[in-house]
Amino acid sequence: MKLVVAIVQDKDSNRLSNALIKEGFRATKLASTGGFLRAGNTTFMIGIEDDRVNEVMTVIKANCKIREQMVTPVSPMGGTTDSYIPFPVEVQVGGAAVFVLPVERFEHF
């Protein structure tokens with residue numbers, strides 16, 4: 001058994017949730033926040049049999065898209081901010097960061 005932990009952008013969350021349900025995968029959703037952009041994410045925790053990991057990965061890949069977004073960097077920590085002029089930069093956001101972990105034991109009560 002494996003635990004698939006998928007961190008996805010909030011914009012992809014509902015689409016992924018619906019697709020997982022449609023394909024018969026059960027998942028727990030947790031609200032999370034990214035460290036770089038400090039934007040909302042959703043973390044999915046999916047317990048799955050070893051032989052179905054590729055299926056769930058296919059569903060995640062099909063429903064979580066990378067997109068370009070303009071962001072203004074956060075002001076620097078410490079020092080003076082008098083000379084700091086934030087310019088918007090284009091970054092890639094979205095997609096999914098996925099971890100597949102072994103599960104030693106699973107119980108459902």
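This is a predicted model: local features need pLDDT of at least 70, side-chain atom pairs count only at pLDDT 80 or more; totals for chains, interfaces and linings use all residues.
Residues are numbered from 1 along each chain as its sequence is written, and side-chain values use heavy atoms, with hydrogens and water left out.

View 1. Strands (E, at least two residues) and helices (H or I, at least four residues) are DSSP runs, numbered from the N terminus. E1 and strand E6 (residues 96-102) pair in the antiparallel sense over 7 bridges, where two strands count as paired if DSSP finds at least two bridges between them.

View 2. Strand E1 (residues 2-9) runs antiparallel to strand E3 (residues 40-48), and 8 bridges join the two. Lys2 has Ile48 as its bridge partner in E3, and Ile7 stands opposite Thr43 of E3. E2 is also antiparallel to E3, to which 6 bridges join it, and here Lys29 has Phe44 of E3 as its bridge partner.

**View 3. The whole sheet.** The order E2-E3-E1-E6 describes an open sheet of 4 strands with antiparallel pairing. Strand E2 (28-33) and E6 stand at the edges, and because each has a single partner strand, one side of each is left without a neighbour in the sheet. From one strand to the next, the twist averages 20°, an angle taken, like the others in these legends, between N-to-C directions on a scale from 0 to 180 degrees, with axes as lines fitted to C-alpha atoms, for helices over the stretch in contact. H1 packs on the sheet, where it touches E1, E2 and E3, and its direction makes about 25° with that of E3.

**View 4. Helix H1 and the residue Ser13.** The 13 residues of H1 should span 18 Å at 1.5 Å a residue, and the end C-alpha atoms are 19 Å apart, which agrees; the expected span is 1.5 Å times one less than the number of residues. Ser13 is found in this helix, which covers residues 10-22, and Ser13 counts as buried because its relative accessibility is 4%, buried meaning under 20% relative accessible area (1.4 Å probe, protein chains only). Leaving aside neighbours within four places in sequence, Ser13 is in contact (heavy atoms within 4.5 Å) with Val8, Lys29, Thr42 and Phe44. Among the other buried residues of H1 are Asp12, Leu16 and Leu20. Just after H1, Gly24 takes a positive phi of about 85°.

**View 5. Helix H2 and its crossing with H1.** Helix H2 (residues 53-63) lies across E1, E3 and E6, and runs at about 165° to E6. The axes of H1 and H2 come within 9 Å and cross at roughly 145°. On the side of H1 the contact is made by Asp12, Arg15, Leu16, Ala19 and Leu20, and on the side of H2 by Val56, Val59, Ile60 and Asn63.

Technical notes: Buried means under 20% relative accessible area, exposed over 50%, partly exposed in between (1.4 Å probe, protein chains only).
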